[in-house]
Amino acid sequence: MIEFLQQLINGISLGAIYALIALGYTMVYGVLRFINFAHSDVFMLGAFVGYYAVKKLGVPVGGLAGGLLVLCLAMSICAIVGILIERLAYRPLRSRPTLSVLITAIGVSLLLQNLGQSVFGANPKAFPRLFPETNLHLGQLSITSNQLLVIAVSLVLLAGLHFIVHRTKTGTAMRALSFNATASSLVGINNDRIISFTFGLGSALAGAGGILYAMNYPSIDPLMGTMPGLKAFVAAVLGGVGSLPGAALGGLLIGLIETFVAGTGWSTYRDAVAFAILILILLLRPAGLLGKSRSDKV
Amino acid sequence: MNSTRAKPCPLLHLDNVTIRFGGLTAVSSVSASLGDNELTGLIGPNGAGKTTVFNMITGVYAPTEGAIHFQNKSVTGLKPFAITERGIARTFQNIRLFSSLSVFDNVRVAFHLHVTQNTAHSLTRGPKFRAEERDITDQTRALLDIFQLTRVQDEPAKSLPYGDQRRLEIVRALATRPKLLLLDEPAAGMNPAEKVELMKLIRFIREKFQLSILLVEHDMKVVMGICERIHVLEYGRKIAEGTPAEIRQHPAVVAAYLGKEITH
Amino acid sequence: MLPRSQIVLLISLITAGIISASSSRIDDYILDVILGIGINIILAVSLNLINGFTGQFSLGHAGFMAVGAYAAGTLTTGPGKVWFDASGASPALLFPFVLFAGGLTAAVVGLAVGAPSLRLKGDYLAIVTLGFGEIIKVILQNIEWLGGSRGMVGIPSYTSFFWCFGAAAVTIYAAWALVNSTLGRGFLAVADDEIAAEAMGLNTTRYKIIAFVTGAFFAGIAGGLYAHLKGYISPAGFDFNKSIEIVVMVILGGMGRHVGVVIAVVLLTVLSEKLRDFGDKRMIVYSALLILLMLTRPQGLFTWKPARKAITG
Ligand SMILES: Nc1ncnc2c1ncn2[C@@H]1O[C@H](COP(=O)(O)OP(=O)(O)OP(=O)(O)O)[C@@H](O)[C@H]1O
Ligand SMILES: [Mg+2]
């Protein structure tokens, strides 16, 4: 039972991070209908921004304010990078087939990874301590303060996102755009601006995810984005691509499943499990848990 | 419901066919029969469900309720390719040619139903394989000749003018050797002279290839001019059926087309 | 009288044999690079059948290469060596059968992967094939008698110039022959417009699976050649990056082109040899190339004809 609760908490804190990344996939898919492969590398970038902010810029950490400052910095820089990627690489291809954009996105992803390897170095780096760390003990249950922080920060960000999407004009425009791009431009929405905004928003969440992920894992490296990125993508599909609550739910589920699988004798298969889920969901219920299925008109 | 066999051997029979998309009932309980070698029209205002009826007959959508029989065998819920194999071919309202393939290959690809070769034959390329390839090449050429497309046979399909693309789509459908041909607004975008040509062409196709044609068309001149029977849809329901003369007088049809020209 | 295509194939095979007989005079390093080109040609041409001609974007080709490499390696080095030795025949004679077995195993895996996934389209198919590629890798890492993640070592060097380029010639011939037939026109139709293809009576699923399985088969052959060229294989060598490398070759050459893809393979293989000392710079060049290409010349670098001409024979 204790074992189970322990895994549950580990799973939720991992799942919260997947949820943050998954939201970016889902939002971009919503407005542009393609899988932004480079999203996972923006996540990686978030972690490195945090690293350099502490090591090179000397942002004082250890207290709450310093850590939050690093978090905001990572989110802002990732947002800018996300917007730039869309501007430079994806926008010129807007009218091309999805596959061209997908291939370009793979290219951008590889470029970021390999630029990362040559700029940051390929060796793993120890991630600095951003926040004061303690272990809370509830009976035999052990929770790190970082785990709680991850969950808290994710909840705050999710609430913020919900507010932006449902309570602001830009958010309404975003929803209109993902519902029907032609119609939204007809009612005077500047689609280009909204798409930029969406990339910025998604990338900021990925940046936050990068920091939170790095806090709970000992080291960071330029290829660290690939696996969490793919799993978050699976989470987005599981929840139903295009659905924000779906992405959050999917992230949580994938985090839990992975943690429980890792706790069994099958731990070497933990990375394969996400793919198995992806394949199953696409074959059995391609619309995902909370997504709506559409049939193409002929 | 009475059984299909009771009818005098229709080629195609729709039995209370209904389809819903979410909350929208696009086609509601439509029944209709088509005989051999008939030229039938299917008309109705925009959004009446005409294309959707085509999509159900050709297996693009499976009807939510009801059954479709072709040559007295159920084709309800079959995949589109299986229905084409049985002898129903179609054109699309928004032309769907293989746009990057040549005009020639657009037609030649449709002959695949009539070859016996398999993957191994493609690799070994024996005399029989080559004879068969030559055979369908000749047949393609002959077909393109009949429809005066030989001149452009090496052009990619997307480079053809609009009218030629519509014609090519019909030729491609004919290459599958259908017994029933469904044409979805073949006259759309044509000028009056081209429309007259098209009417001749449709009559010619029926005679030459001995098949039935079901025609969706907004141009009443065309429909009334060539169809022997006409079915009318409105809001997914069938409101009338009869000869052009009967349809012209039919009060429900006149009401549906209120303010629009249906007499010619 | 053989058709012209088969005469060309025959001449290519004889030429490969002649060059192979005197290959000992070629510098070892250069020969290694040349054989690498041959293997990459097989990989790119076979992937082109799937991604280019049939329009089904697969990102898991390295997985099938891995299956072929391990299956072939099992026969000559792993547990299958018992039969290999017991047969008493010379290894040079058995090698083509080993390659064939590798190809066949990859084809079976290809069928198992393709049958469910090919129902998906576009980027979903891409990501599912990527997933399958990774699963294959993870499974191989977990099979102890195949060496686990340490890999398989001590594989004999049976890959000669003849087998490598003979197989490449057969692959090119097969891809050409399939495409230039009624079957192959079906591939092109499926790539162009699936709904129209179905309406023409093409069982699109069947066509996609044929292309996919054939592609997997040749990727398996390439894997067998690779294993017996390098003498060492490990699951990590057949990862996502390897798949991407093959994809880049196909895209650079122009999807759905034979000659362009072969040129692209030669160019990229030589280029990446030149860049080998630069480590990650190599992948920077690869990825930048990919982005630039999609932005400026999505039809590929080596495409000069606007459309395919009809060929028979
Ligand atoms: N795949 C689909 N999903 C949802 N609704 C659909 C779908 N296909 C058709 N419809 C709806 O069904 C109704 C009938 O459409 P259909 O295209 O059959 O009309 P139509 O009679 O062919 O009209 P037109 O003359 O404009 O071509 C329309 O309201 C359309 O929006
Ligand atoms: Mg219509």
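Biologist: What volume does the largest cavity have?
Modeller: About 90 Å³. Bear in mind that the model is predicted.

Biologist: What makes it a cavity rather than a pocket?
Modeller: A 1.4 Å probe fits into a cavity but cannot get out, whereas a pocket is open. The search of the whole structure finds three cavities of 30 Å³ or more.

Biologist: Which residues line the largest cavity?
Modeller: The lining is made of B:Leu12, B:Leu14, B:Val30, B:Ala32, B:Leu34, B:Leu42, B:Val53, B:Ile57, B:Leu214, B:His231, B:Leu233 and B:Lys238. By class, that is ten nonpolar, one polar and one charged.

Biologist: Which elements supply at least two residues each to that lining?
Modeller: In chain B they are strand E1 (12–21), strand E2 (24–34), helix H1 (50–57) and strand E9 (229–234). E2(B) gives the largest share, three residues.

Biologist: And what lines the second largest cavity?
Modeller: That one, with a volume of about 40 Å³, is lined by A:Lys231, A:Ile254, A:Ile257, A:Glu258, A:Arg270, A:Val273, A:Ala274 and A:Ile277. Helix H10 (244–262) and helix H11 (270–284) of chain A each give two or more of these residues. The largest share, four residues, is from H11(A).

Biologist: How many charged residues are in the lining of the second largest cavity?
Modeller: Three, along with five nonpolar and no polar residues.

Biologist: On to salt bridges. Why does the pair B:Arg206 and B:Glu228 count as one?
Modeller: The cut-off is 4 Å between a side-chain nitrogen of Lys or Arg and a carboxyl oxygen of Asp or Glu. Here the closest N and O atoms are 2.7 Å apart, so the pair counts as a salt bridge.

Biologist: What parts does this pair tie together?
Modeller: B:Arg206 lies in helix H7 (residues 192–209) of chain B, and B:Glu228 in the loop between helix H8 (220–226) and E9 of chain B, so the pair ties together parts that are 22 residues apart in sequence.

Biologist: Why is B:Arg206 called buried?
Modeller: Its relative accessible area is 10%, and buried means under 20%, so the label holds. B:Glu228 has 34%, between the 20% and 50% cut-offs, so it is partly exposed.

Biologist: What about C:Asp32 and C:Lys230, how do you know that they form a salt bridge?
Modeller: Their closest N and O atoms are 3.4 Å apart, within the 4 Å cut-off, so they qualify. C:Asp32 sits in helix H2 (residues 28–53) and C:Lys230 in helix H10 (residues 204–230) of chain C, so this bridge joins parts 198 residues apart in sequence. C:Asp32 is partly exposed at 31%, and C:Lys230 is partly exposed at 41%.

Biologist: Are C:Glu144 and C:Arg150 buried or exposed?
Modeller: Both are exposed. They form a salt bridge too, with closest N and O atoms 3.0 Å apart.

Biologist: Which residues are linked in a network of salt bridges?
Modeller: A:Glu86, A:Arg91, A:Arg94 and A:Asp192. Over all chains the search finds 24 salt bridges.

Biologist: What does C:Thr54 touch, leaving out residues up to four places away in sequence?
Modeller: C:Leu49, C:Phe187, C:Val190, C:Ala191, C:Lys208 and C:Ala211.

Note on methods
Residues numbered from 1 in each chain as written. Chains lettered and ligands numbered in written order. Predicted model: local features only at pLDDT ≥ 70, side-chain atom pairs only at ≥ 80, totals over all residues. Heavy atoms only, no water. 1 Å grid on protein atoms, 1.4 Å probe; cavity = no way out; pocket = protein on both sides within 12 Å on 5 of 7 lines; lining within 4 Å. Points joined across faces, edges and corners; volume = space filled by probe spheres on them. Nonpolar A, V, L, I, M, F, W, Y, C, P; charged D, E, K, R; others polar. Buried < 20%, exposed > 50% of the residue type's maximum accessible area, 1.4 Å probe, protein only. Contact = heavy atoms within 4.5 Å.
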